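Please read the points below with the model open.

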Amino acid sequence: MTGTAPPARASPRMHAASAAPRSSSIPSSAPAGPRWLRPWWAQVMLIWAASRVITTTLVSILASVQGPNAWTGASPGYADFATMWDAHWYNIVAVVGYPSALPITDLGEIGESAWAFMPGYPSLARLLMELSGQPWEPVAVLVSVVFSLGTALLLFRLMSRVLDDSASRFAVVLFCVAPLSPMLQFGYAESMYLFFLTLALLLLLERRYALLFPVIAVMALTRPSGLAFALALALHVIYRWFTRAADAFPLRERVLAASVAVFSGVMGLAWPAAAWIVTGSMTAYTDTELAWRAPYIGYVELIPFTAWFQGGLWWLGMPLGILAVVALILGFTMLMFTPAVRRLGVDLRLWVASYGLYLLAVFFPQSSTFRLLMPMFPLLGAVALPRSLWYRVGVVVLCILGQWGWLLLCWGVDGADWTPP
């Protein structure tokens with residue numbers, strides 16, 4: 001997807017998904033500056049490289065003062081420090097695989113296991129480990145770093161479908177320096193997942209439905225996303241159907257778009273089905289996921305759209321916890337209709353809304369929720385719209401400070417840590 005895109009067609013269907021269509025789908029280059037920096041991809045690579053220097057410096061500073069913990073000794077090297085927390089589970093998957101029997105706690109409940117971690121990222125890391133002869137830690141970091149560069153390049157192309165070049169570049173800046181951007185170079189699946197998600201969104205905006213099948217297959221086996229993307233695709237099909245008078249929706253495209261929506265839903269259920277087949281328990285995957293929220297609210301059944309209210313009560317009590325969740329839902333809904341977010345076009349908003357609804361349905365809010373919000377990155381396009389230099393510098397500074405805050409709060413380990421990333 002880093003090659004030259006085909007020129008825009010004259011038909012209105014080319015830009016129906018964008019609120020601010022461009023005259024060409026080819027990102028233009030900045031008119032000034034050194035010749036080597038004029039191509040859009042060179043600008044994005046420079047932004048990415050500068051951001052990685054900043055983030056690596058922050059991570060290295062924290063690693064130098066990190067005490068002994070469950071994963072490393074004192075003052076670990078970068079690769080060891082970047083593969084703590086859930087990276088350990090991905091390491092288990094890469095080296096050992098998945099258990100055929102679910103672990104049982106002393107209370108007789110399903111405990112934590114590797115089944116909560118999908119195979120896409122650790123399988124690729126294992127392949128590279130075999131080819132290179134290198135251990136998990138450097139390979140895991142390398143995979144994440146490479147995918148983060150690919151995501152930055154694709155993100156500019158994606159934002160260029162709905163925004164001008166200046167805003168698209170600044171959206172890339174915000175993505176690269178965002179408070180959780182250290183995750184892009186840690187031993188987690190997020191970087192790989194965001195790459196395929198960005199590619200899928202770009203293909204959706206370009207209406208290249210057939211190419212979505214393999215992309216969704218990999219994406220849905222890297223991070224839980226198939227059901228959310230299926231909802232976004234279903235809403236996309238419905239929107240195109242009702243606007244077909246102004247934007248032609250031929251039969252072939254109807255069949256392809258509907259088929260890929262169904263396929264995404266199937267892929268969203270593929271991993272729970274795999275866990276069922278291997279372990280013999282129909283609820284193996286969901287029971288394993290629920291084990292991570294047990295320290296907060298105990299062992300409970302998965303009832304859709306209840307976890308956030310349970311979390312609100314756990315964190316804030318009654319009635320403030322319920323009111324906070326209701327306010328959050330209303331605030332998010334209003335955000336989706338603000339002028340800045342509307343500039344992102346229909347399809348990107350459908351994805352953000354669908355993923356938000358998915359989080360509301362199945363996830364329990366705690367410190368790792370910040371990480372789970374990363375797939376909503378298209379909203380950075382709305383933040384990138386103002387052109388004021390002072391605004392942009394201020395936002396970047398706040399993001400970098402946010403990185404340090406997140407590293408201290410969620411990544412660094414200090415005694416009995418209860419804020420996992």
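Leaving aside its neighbours within four places in sequence, with which residues is Ser144 in contact?

1. The model is a predicted one. Ser144 lies in helix α5, and beyond its neighbours within four places in sequence it is in contact with Tyr121, Leu184, Gln185, Phe186, Gly187, Tyr188 and Ser191. Ser144 counts as buried, at 1% relative accessibility. A polar atom of the Ser144 side chain lies 3.3 Å from the backbone oxygen of Tyr188.

2. Ser191, a contact of Ser144, has its place in helix α7 (residues 190-206). Its relative accessibility is 0%, so Ser191 counts as buried under a cut-off of 20%. The side chain of Ser191 reaches the backbone oxygen of Ser144 at 2.6 Å. Not counting residues up to four places away in sequence, Ser191 touches Ser144, Phe147, Ser148, Thr151 and Leu184.

3. Gly150 is buried, with a relative accessible area of 15%. From Gly150 to Leu231 the C-alpha atoms are 26 Å apart in space, and the two residues are 81 residues apart in sequence.

4. How do helices α5 and α6 pack, and at what angle? Helix α5 (residues 136-159) and helix α6 (residues 165-177) pack at about 145°, and their axes are 9 Å apart. The crossing of α5 past α6 is right-handed. On the α5 side the contact is made by Thr151, Ala152, Leu155, Phe156 and Met159; on the α6 side it is made by Asp165, Ser168, Arg169, Ala171, Val172, Phe175 and Cys176. The residues of this contact divide into 8 nonpolar, 2 polar and 2 charged. Thr151 of this contact is also touched by Ser191.

5. Gln403 is in helix α19 and is buried, at a relative accessible area of 0%. Its side chain and that of Ser181 are joined by a polar contact of 3.2 Å. Leaving aside neighbours within four places in sequence, Gln403 is in contact with Thr55, Leu58, Cys176, Val177, Ala178, Pro179, Ser181 and Pro182. Cys176, in that list, is one of the α6 residues that meet α5.

6. On salt bridges, the count comes to 9. Side chains of opposite charge can pair when their charged atoms come close. One of the bridges joins Asp86 and Arg371, with the closest N and O atoms 3.9 Å apart. The pair links distant parts of the chain: Asp86 is in the loop between α2 (78-81) and α3 (87-95), Arg371 is in helix α17 (residues 369-372), and they are 285 residues apart. Both Asp86 and Arg371 are buried. A network of salt bridges links Asp86, Glu190, Arg223 and Arg371.

7. Which parts of the chain does the salt bridge of Arg387 and Asp164 tie together? Its closest N and O atoms are 2.4 Å apart. Arg387 lies in the loop between α18 (380-383) and α19 (389-411) and Asp164 in the loop between α5 and α6, so the bridge ties together parts that are 223 residues apart in sequence. Arg387 is exposed, at a relative accessible area of 53%, whereas Asp164 counts as partly exposed at 31%.

8. Glu253 and Arg240 also meet in a salt bridge through their side chains, at 2.7 Å from N to O. Glu253 lies in helix α10 and Arg240 in helix α9 (residues 226-242), so this pair ties together parts that are 13 residues apart in sequence. Both residues, Glu253 and Arg240, are buried.

9. Last, helix α11 (residues 284-291). Its buried residues are Ala284, Tyr285, Thr288, Leu290 and Ala291. What covers them includes α10 (251-279) and α12 (294-297).

Definitions and conventions: Residues are numbered from 1 along each chain as its sequence is written. This is a predicted model: local features need pLDDT of at least 70, side-chain atom pairs count only at pLDDT 80 or more; totals for chains, interfaces and linings use all residues. Side-chain values use heavy atoms; hydrogens and water are left out. Buried means under 20% relative accessible area, exposed over 50%, partly exposed in between (1.4 Å probe, protein chains only). Helices (H or I, at least four residues) and strands (E, at least two) are DSSP runs, numbered from the N terminus. Contact means heavy atoms within 4.5 Å. Axes are lines fitted to C-alpha atoms, for helices over the stretch in contact, and angles run from 0 to 180 degrees between N-to-C directions. A crossing is left-handed if the near helix is turned anticlockwise from the far one by less than a right angle, and right-handed if clockwise. Ala, Val, Leu, Ile, Met, Phe, Trp, Tyr, Cys and Pro count as nonpolar, Asp, Glu, Lys and Arg as charged, and the others, Gly among them, as polar. A salt bridge is a side-chain nitrogen of Lys or Arg within 4 Å of a carboxyl oxygen of Asp or Glu. A polar contact is a pair of N or O atoms within 3.5 Å; within protein, one must be able to donate a hydrogen and the other to accept it, and residues adjacent in sequence count only if both atoms are side-chain atoms.
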